[in-house]
Amino acid sequence: MTNNHKGSHGCVNINKSASMEQCENVTVNPPLVDAGPTIVQLPITLAEIRVTSNLVANIHFPDPVLEIKDIKKRVKIVQCRLLLGGNTVGEDGLLTRPVPLFIKGFIRKNIQYATPCPTAKSDCVASEMRSLTVDVPFECVTNIQPDQFFTNPIIPDLNTRNEFDFFRAQNLGHGFPEKDQLLSSDLSQFHQVSEQFYNQLPFCELISSRIVQWDEAIDRYPLPGNGPFEEGTFETIVEKSMLDFTIKVLQKQQVRIQAL
């Protein structure tokens, strides 16, 4: 089917595109906040800390490696949990002991390297560029001291379950005096009051990271034939890294602000 409209491409008429005209707008649901103090729920920064961890990893390449050209790195955090409990606060509600922060993640590495071509001449080295992407895992726990918190976290309220019974007098039946009765609760009934609290879970944001690494081949062999004497290939490296990253710990809390 042929579109004969001027300025059109296939099924799209660019002369009638909404992006080429002025779009109208109206205000919907304006905030109904009077002037004065107002309570809102916002993500509050509890702490901002710099964490340091040391890693050692063996990385194996699928090809003989003549030379590593570049390594691009990126930190990925997959778990960041602040372990709150009732025994971390005193009667005044203030923190009395360090709070552990469990962290788990990976360092994503994209390694660009040169591998010798199989058809290269014996007195020189021709190579191809390839890359290998690996995730180097890390896992650690660090304690946040009470004086490191900008704002104290809200400690979770504990769920409760309480059972209750009703008194019941029952006849004892045959073999007992008629005036005697069984005085107890009713075992055929069960009564309970339970209460659950849906607390705000602290969460993390990754602010920055810094990696210092040292890579060293452990199985390097000279090139076969009459290749340059100083050249060789390897397939395994040992990588020693110092990982340094900054994390912000937050929690949604109710705060009072001044509405204008």
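What follows is a set of questions and answers on a predicted model of a protein chain.

Trainee: How many helices and how many strands are there in the protein chain?
Mentor: Read along the sequence, the pattern is β-β-β-β-β-β-β-β-β-β-β-β-β. The count for the protein chain is zero helices and 13 strands.

Trainee: Among contacts between residues at least 6 apart in sequence, what percentage join residues at least 24 apart?
Mentor: Start with one case. Leucine 101 is in contact with Ile49 and Val249, among others, leaving aside its neighbours within four places in sequence. For the protein chain, the share of such contacts that join residues at least 24 apart is 77%.

Trainee: What percentage of the residues of the protein chain count as buried?
Mentor: The protein chain exposes about 18900 Å², and carbon and sulfur atoms supply 51% of that area. Now take the residues. Of the 260 in the protein chain, the buried share is 26%.

Trainee: Which residues does a second, separate core include?
Mentor: This core stands apart from the 26-residue one. The second core has nine residues, including Ile59, Ile111, Tyr113 and Ile237.

Trainee: Is valine 141 buried, partly exposed or exposed?
Mentor: Valine 141 has its place in strand β6 (residues 127–144). Along with Leu83 and Phe102, Val141 forms a nonpolar patch on the surface, with about 270 Å² of accessible area together. The relative accessible area of valine 141 is 46%; buried needs under 20% and exposed over 50%. Therefore valine 141 is partly exposed.

Trainee: Which side chain does a polar contact join to the side chain of asparagine 110?
Mentor: Asparagine 110 lies in strand β5. Asparagine 110 is buried, with a relative accessible area of 14%. Leaving aside neighbours within four places in sequence, its contacts include Asp70, Ile71, Ser131 and Leu132. The polar contact is 2.9 Å, and the partner is threonine 133.

Trainee: How many residues apart in sequence are the parts that aspartate 135 and lysine 76 tie together?
Mentor: Side chains of opposite charge can pair when their charged atoms come close. Aspartate 135 and lysine 76 form a salt bridge, with the closest N and O atoms 3.2 Å apart. Aspartate 135 is in strand β6 and lysine 76 in strand β4, so the pair ties together parts whose separation is 59 residues.

Trainee: Are aspartate 135 and lysine 76 buried or partly exposed?
Mentor: Aspartate 135 has a relative accessible area of 39%. For lysine 76 the value is 29%. Buried needs under 20%, so each of these residues counts as partly exposed.

Trainee: Which residues are linked with Arg130 in a network of salt bridges?
Mentor: Arginine 130 forms a salt bridge with glutamate 128, and their closest N and O atoms are 3.0 Å apart. Arginine 130 counts as partly exposed at 35% relative accessibility. Glutamate 128 is also partly exposed, at 34%. The residues linked with Arg130 in the network are Asp63 and Glu128.

Trainee: How many salt bridges does the structure hold?
Mentor: For the structure, the number of salt bridges is eight.

Trainee: What is the relative accessible area of threonine 233?
Mentor: Threonine 233 lies in strand β13. Leaving aside neighbours within four places in sequence, threonine 233 is in contact with residues including Pro64, Val65, Pro116 and Tyr221. Threonine 233 is buried, with a relative accessible area of 16%.

Conventions:
Residues are numbered from 1 along each chain as its sequence is written. This is a predicted model: local features need pLDDT of at least 70, side-chain atom pairs count only at pLDDT 80 or more; totals for chains, interfaces and linings use all residues. Side-chain values use heavy atoms; hydrogens and water are left out. Patches are made of residues with over 30% relative accessible area and no salt bridge: like charges are joined within 9 Å, nonpolar side chains (Val, Leu, Ile, Met, Phe, Trp, Tyr) within 5 Å. Accessible areas come from the Shrake-Rupley method with a 1.4 Å probe; for residues, only the protein chains shown count as cover. A salt bridge is a side-chain nitrogen of Lys or Arg within 4 Å of a carboxyl oxygen of Asp or Glu. Helices (H or I, at least four residues) and strands (E, at least two) are DSSP runs, numbered from the N terminus. Buried means under 20% relative accessible area, exposed over 50%, partly exposed in between (1.4 Å probe, protein chains only). A nonpolar core is a set of buried Ala, Val, Leu, Ile, Met, Phe, Trp, Tyr and Cys residues joined through side-chain atoms within 4.5 Å. Contact means heavy atoms within 4.5 Å. A polar contact is a pair of N or O atoms within 3.5 Å; within protein, one must be able to donate a hydrogen and the other to accept it, and residues adjacent in sequence count only if both atoms are side-chain atoms.
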